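Thank you all for coming this morning.

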Amino acid sequence: MNTTTTANTTTDPVNTTDAASTADPVNPTTAPLRVTLLVGSNRHGRFGPVVADWLLDHLRAHDDLVPEVVDVAGTDLPTTFAPSPEATAALAEITPKLADADAFVVLTPEYNHSFPAGLKNVIDWHFTEWRAKPVGLVSYGGLAGGLRAAEHLRQVFAELHAVTVRDTVSFHNAGASFDGEGRLRDPSGPGAAAKTMLDQLVWWGRALREAKEKRPYDGV
Ligand SMILES: Cc1cc2nc3c(=O)[nH]c(=O)nc-3n(C[C@H](O)[C@H](O)[C@H](O)COP(=O)(O)O)c2cc1C
């Protein structure tokens with residue numbers, strides 16, 4: 001189910017009806033991977049939900065993945081890192097969706113040659129939740145397609161002991177790439193890029209999940 005394609009307010013929803021908690025994580029070799037899509041934009045009038053809906057369709061269509069969504073625009077995390085009631089309430093919503101994930105896809109726009117501050121804030125509020133898990137990157141923006149934001153995120157996730165997969169998906173002049181109904185004007189290239197990225201994510205997700213079963217990752 002797609003959301004609105006005009007994306008006019010910060011509260012424009014990203015469809016979150018898939019609940020990764022319904023996945024049965026019994027067998028680390030064969031069970032589908034729980035993947036949390038982290039939607040990074042929170043700008044008033046944002047375009048993000050259009051790209052997020054397209055991406056969610058690909059996540060849902062992948063047999064090895066069960067998606068969950070954390071939308072930065074839907075979080076109310078303070079930037080002070082104080083354990084206030086406000087922070088505790090916000091974390092109660094977000095943290096389980098990160099902790100339970102076997103893998104992540106981070107969707108980021110590019111603001112001033114990097115990724116949004118709100119996305120960094122959600123990342124920084126967490127630590128072990130990212131550890132020894134793979135991260136796929138999807139970016140969008142103007143001429144550069146958000147590639148600088150994606151490359152900056154690699155540095156951040158390396159610090160958090162997460163593994164960013166090699167291939168990315170990027171949308172150059174994102175607004176012009178989709179029609180008024182939120183459909184890609186030319187879906188073949190992005191669709192192929194998404195398949196490559198998600199297949200790499202699944203490989204890493206399975207490999208790391210099995211490895212952690214045998215030897216928990218302690219960060220040394
Ligand atoms: C403050 C700001 C800075 C931006 N800086 C860049 C930039 O450095 N490179 C780029 O390609 N696009 C840039 N853009 C364009 C955004 O990437 C584009 O508008 C995108 O749709 C923003 O995502 P959002 O609509 O989900 O917030 C910028 C937009 C804003 C609002």
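What pLDDT does the protein chain average, and what share of the residues scores at least 70? The protein chain averages a pLDDT of 90, and 88% of the residues score at least 70, where pLDDT is the predictor's confidence in each residue, from 0 to 100. This is a predicted model, in which local features need pLDDT of at least 70 and side-chain atom pairs count only at pLDDT 80 or more, while totals for chains, interfaces and linings use all residues. Residues are numbered from 1 along each chain as its sequence is written.

Where pLDDT is low, the predicted coordinates should not be read in detail.

Now to the overall fold. The protein chain has six helices and six strands, which are DSSP runs numbered from the N terminus (H or I, at least four residues, for helices, and E, at least two, for strands). Along the sequence they follow the pattern β-α-β-α-β-α-β-α-β-β-α-α. Of the 220 residues in the protein chain, 41% are buried; a residue is called buried if 20 or more other C-beta atoms lie within 10 Å of its own, exposed if 12 or fewer, and partly exposed in between, with C-beta atoms placed from the backbone.

Let us turn to the helices. Helix H1 covers residues 48-61, and its end C-alpha atoms are 20 Å apart, which agrees with the 20 Å that its 14 residues should span at 1.5 Å a residue; the expected span is 1.5 Å times one less than the number of residues. H1 is mostly covered, as eleven of its 14 residues are buried, among them Trp54, His58 and Leu59.

Helix H4, residues 147-159, has 13 residues and reaches 19 Å from its first C-alpha to its last, close to the 18 Å expected. Which residues of H4 are buried? They are Ala149, Ala150, Leu153 and Phe157. Seen down the axis of H4, these buried residues fall within an arc of 95 degrees, so they line one face of the helix, the arc being that of the directions from the helix axis to the C-beta atoms. On the other side of H4, Gln155, Ala158 and Glu159 are exposed. The buried residues pack against strands E3 (103-109), E4 (134-140), E5 (163-164) and E6 (169-171). Just after H4, histidine 161 takes a positive phi of about 65 degrees.

Serine 139 touches residues including Thr108, Ala149, Ala150 and Ser170, where a contact means that the C-beta atoms of two residues, placed from the backbone, lie within 7 Å. Valine 35, in strand E1 (residues 33-39), is buried, with 28 other C-beta atoms within 10 Å. The C-alpha atoms of valine 35 and glutamate 68 are separated by 6.2 Å, although the two are 33 residues apart along the chain.

Finally, the ligand. How many residues surround the ligand? There are 16, and the closest are Ser41, Gly48, Pro109, Gly141 and Gly142; a residue is near a molecule if its C-beta atom, placed from the backbone, lies within 6 Å of it. Gly48 is also among the buried residues of H1.

Conventions: Lists of a residue's contacts leave out its neighbours within four places in sequence.
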